[in-house]
Amino acid sequence: MFEEIQVKKALNRIKATSKITLPYHWDLNIYRGCEHGCNYCFAMYSHSYLEKKDKYSFAEEEVYPSAGEEKCAFFQRICVKTNIIEALDKQLGARSWKKEVINIGGVCDSYQPAEAKYRLMRKVLELMIEHRNPVTISTKSDLILRDYDLLSELAELTYVNIAVTVTTMDEKLSSLLEPLASSPEKRFSVLRAFKDTASVTGLHMMPVLPFLTDSSQNLDKILSLAAECKVNYALPGILYLRGETRKHFFNFLELNYPELLDPYCRMYKKGGDSRTYKAELYRVLKLLMDKYHISGDYMKPMQAKFSSPIQLKLTDFF
Ligand code: SF4
């Protein structure tokens, strides 16, 4: 279900946390909710959280689902910010705007199925080109290839980071875990295509799911394909479960992998994962990344791009 809404601002400042250092401080989400339906989605909380914060976007009489149904709301009720282009243009054009890197799609996938209908990303990218604004985009959809021309053009002007998330090469498992996302093979076709552009490309291997996607064969296959695509970096990350995501994922396990409920309960007593398991997983990942000469440093290509002469054009400062 699509619901067209209006927003006051397009860009949101990301709150700094002591745990993670991000290479950007601004988020742009053109949708709220995500049809890809990943059963481990960390952003499920955002529908109810944002609704409380941002009441003016919705009709007063709207009835919200109970906590147990929130998961369905996030995947099924997609809010489309139809005035996002006007709001973004205003923010990018403000004198105070310093052309900081914008992360497009922090709590939803900008190339989810709704985008095939609304085509907002093309207009967003046209604005980014006009303002020469650096961006990062992470997706699980090959719909991003539709905007190959605009992304290539923007990458000639400034920093563009295109990352693809792949958790498993097992098509069947992927369609269970991430029902409406593109197949893993199609996601790699995105990295293959963009390696010939000036953009930085990355592989996000997250989350790694204990007992489901953590076999060394699966991790090896993903990293070997990433190496073929000449990605600039890979970022692995283990599954973290909290709040709505925790409830939803345990329901998913109960339905599909009941034998994994006990091991997961032991491992995820709180939100995190067992330290021993994590240390071993990262040891294996490091070995594999070394094997394929893949860097884990996503800051380096950004710093290299920003120190290149193309960034010093005088027009950028006016
Ligand atoms: S693509 Fe990302 S935002 Fe969308 S459902 Fe999957 S994890 Fe959540």
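Predicted model: local features only at pLDDT ≥ 70, side-chain atom pairs only at ≥ 80, totals over all residues.
The crossing of H9 past H12 is right-handed. As a reminder, two packed helices are described by the angle between their axes and the distance between the axes.

Which residues make the meeting? On the H9 side they are Ser 216, Leu 219, Asp 220 and Leu 223, while H12 brings Val 284, Leu 285, Leu 288 and Met 289. Sorted by class, this contact of H9 with H12 holds six nonpolar residues, one polar residue and one charged residue.

Strand S1 (residues 2–5) pairs with strand S5 (residues 78–81) in the parallel sense, over four bridges. Within that pairing, Glu 3 has Cys 79 of S5 as its bridge partner. Strand S4 (residues 31–32), by contrast, runs antiparallel to S5 and is joined to S5 by two bridges. Here Tyr 31 stands opposite Val 80 in S5.

## The seven-stranded sheet

Another open sheet contains seven strands, ordered S2-S3-S6-S7-S8-S9-S10, and its pairing is mixed too. Strand S2 (11–13) and strand S10 (233–238) each have a single partner strand, so one side of each is left without a neighbour in the sheet. On average, neighbouring strands of this sheet are turned by 25° against each other, direction ignored.

Inside this sheet, strand S6 (residues 102–104) and strand S7 (residues 135–139) run parallel and are joined by three bridges. Opposite Ile 102 stands Val 135 in S7.

## Around the ligand

What surrounds the ligand? The shell is made up of Cys 34, His 36, Gly 37, Cys 38, Cys 41, Ala 43, Cys 108, Asp 109, Lys 140, Glu 178 and Ala 181. By class, the shell residues divide into six nonpolar, two polar and three charged. If you want to look at particular side chains, the shell includes Cys 34, Cys 38, Cys 41 and Cys 108, and Asp 109, Lys 140 and Glu 178 are also among its members.

## Backbone details to look at

Two spots in the backbone deserve a look. Most residues other than glycine have a negative phi, and most peptide bonds are trans. The peptide bond from Met 206 to Pro 207 is cis, with omega near 0°. Pro 207 is found in strand S9 (residues 200–208), and S9 sits between S8 and S10 in the order of the seven-stranded sheet.

Where does Lys 99 lie? Lys 99 is in the loop between helix H3 (84–93) and S6. Although Lys 99 is not a glycine, its phi is positive, at about 55°.

## How confident is the model?

For the chain, the mean pLDDT is 89, and 86% of the residues reach 70 or more. Over residues 53–71, however, the pLDDT is below 50, and this stretch has 16 contacts in the model beyond near neighbours in sequence. Residues 310–318 also have a pLDDT below 50, with four contacts in the model beyond near neighbours in sequence.

Methods. Residues numbered from 1 in each chain as written. Left-handed = near helix turned anticlockwise from the far one by under 90°. Contact = placed C-beta atoms within 7 Å. Nonpolar A, V, L, I, M, F, W, Y, C, P; charged D, E, K, R; others polar. Pairing = 2+ DSSP bridges. Near = placed C-beta within 6 Å. Axes fitted to C-alpha atoms, helices over the stretch in contact; angles between N-to-C directions. pLDDT = per-residue confidence, 0-100.
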